[in-house]
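Hi everyone, thanks for coming. Please take a look at the sequence and the structure, and then I'll walk you through them.

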Amino acid sequence: MEKIRLGKTNMMVSKLGFGGIPIQRLSEEDAIAVVRRCLSLGVTFIDTANGYTTSEERIGKAIAGRRRGLILATKSGSRSREGIEKHLNLSLERLAVDSIDLYQFHGVSTFEALETILEAKGPMAAVEDAKKAGRIKHVGITSHSMDVAKEAVKSGQFETIMFPFNFITNEPADELLPLCREHDVGFIVMKPLAGGMLDNATVAFKYLLQFPDVVMIPGIEHAWEIEEIARIFVGPKQMTPAEEAEMQRLRDELGTKFCRRCDYCQPCPQEIPISMVMNSAGFAKRLPPERLFSGWISTGMERAATCTDCGDCEERCPYHLPIREIIAERVEWYDEARTQYQGQAV
Ligand code: SF4
Ligand code: SF4
């Protein structure tokens with residue numbers, strides 16, 4: 001498996017990494033087996049998060065006795081010093097390791113959140129202290145907002161950035177990736193398969209393989225998925241004319257409906273979490289049903305049903321997406337899926 005240098009961290013990581021969201025859906029035994037299959041194929045970059053319920057613990061069990069040579073990345077969505085300290089302790093305990101190679105601030109998509117993280121004696125200070133104590137080796141950030149991501153890269157405070165990048169959400173190729181190269185910030189590709197929206201792995205990964213200095217972390221649920229993707233990484237990287245045509249067809253089909261989760265459409269007067277609702281079909285592929293039909297997803301989908309059709313969001317969406325139409329479709333789909341799930345559960 002090819003390795004690349006992850007920006008100024010100077011860490012060498014496998015170009016194909018492991019995204020730890022989908023193993024939450026599996027039994028613990030199956031989750032451990034999937035992670036181990038990834039390791040056996042030469043994957044050395046493992047990404048998880050405090051927020052991914054069982055993921056850290058399962059990864060910890062899978063890598064027990066095999067820590068050497070692995071680069072472990074996890075994240076915290078906390079915006080307070082105390083919260084970061086608590087999450088870091090939990091991550092070290094769940095992963096059963098003495099140190100985390102890359103600790104990332106999770107989902108920083110507003111300027112306010114970025115400022116809070118960088119406040120004196122704030123979350124970044126907690127991470128810096130942990131770094132001095134050897135509990136963290138490097139610091140990164142993840143974001144869905146292009147403007148915030150660019151600011152974070154320019155700040156010089158982060159060694160890596162994780163951002164959505166695929167042949168539909170391909171905006172990073174123009175500015176963010178060149179900016180990362182300029183500042184020597186490692187680029188980790190979030191959602192190489194567009195959060196489960198792209199089924200054609202060959203086209204999706206061959207598109208990304210033209211960028212030699214990015215690490216990709218597809219979410220992996222089954223051994224066959226990582227086996228299929230690993231084959232693409234060692235095969236011919238050039239797209240065939242048929243694959244080029246397929247990429248264009250998918251762009252035409254999905255590009256007009258694909259939400260980049262930038263949140264430029266906010267604020268919604270009904271407080272509908274628009275990007276979450278727009279991407280809810282992808283959650284169904286990655287999350288266990290008990291999470292899909294409860295908590296913040298359920299609350300958000302219920303809010304979506306209160307859309308007044310005002311159209312304010314569509315005026316603000318830079319991609320001119322038919323937000324109202326998509327929200328109505330998602331609400332209908334969610335109600336049907338929930339009814340079906342509840343029917344199965346009794
Ligand atoms: S159309 Fe619906 S989702 Fe969009 S801003 Fe208005 S209420 Fe919110
Ligand atoms: S609907 Fe448009 S503006 Fe809103 S998050 Fe999606 S892409 Fe961004």
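Let's begin with ligand 2, which has 13 residues around it, and Cys259, Cys262, Asp263, Cys265 and Cys317 come nearest; a residue is near if one of its heavy atoms lies within 4 Å. That shell divides into 9 nonpolar, 1 polar and 3 charged residues. Here Ala, Val, Leu, Ile, Met, Phe, Trp, Tyr, Cys and Pro count as nonpolar, Asp, Glu, Lys and Arg as charged, and the others, Gly among them, as polar.

A quick word on the source: this is a predicted model, where local features need pLDDT of at least 70, side-chain atom pairs count only at pLDDT 80 or more, and totals for chains, interfaces and linings use all residues. Residues are numbered from 1 along each chain as its sequence is written, chains are lettered from A and ligands numbered from 1 in the order in which they are written, and side-chain values use heavy atoms, with hydrogens and water left out.

Ligand 1 is also surrounded by 13 residues, the closest being Cys268, Cys307, Cys310, Gly311 and Cys313. Its shell has 8 nonpolar, 3 polar and 2 charged residues.

Now the rings. The whole structure holds 10 aromatic pairs (Phe, Tyr or six-membered Trp rings with centres within 6.5 Å; planes under 30 degrees apart are stacked, over 60 edge-to-face, the rest tilted). Tyr207 and Phe211 are edge-to-face, because their planes stand at 70°, with centres 5.6 Å apart. Both Tyr207 and Phe211 are buried, meaning under 20% relative accessible area with a 1.4 Å probe, protein chains only. Together with Phe165, Phe167 and Phe187, they form one aromatic cluster.

Key. Buried means under 20% relative accessible area, exposed over 50%, partly exposed in between (1.4 Å probe, protein chains only).
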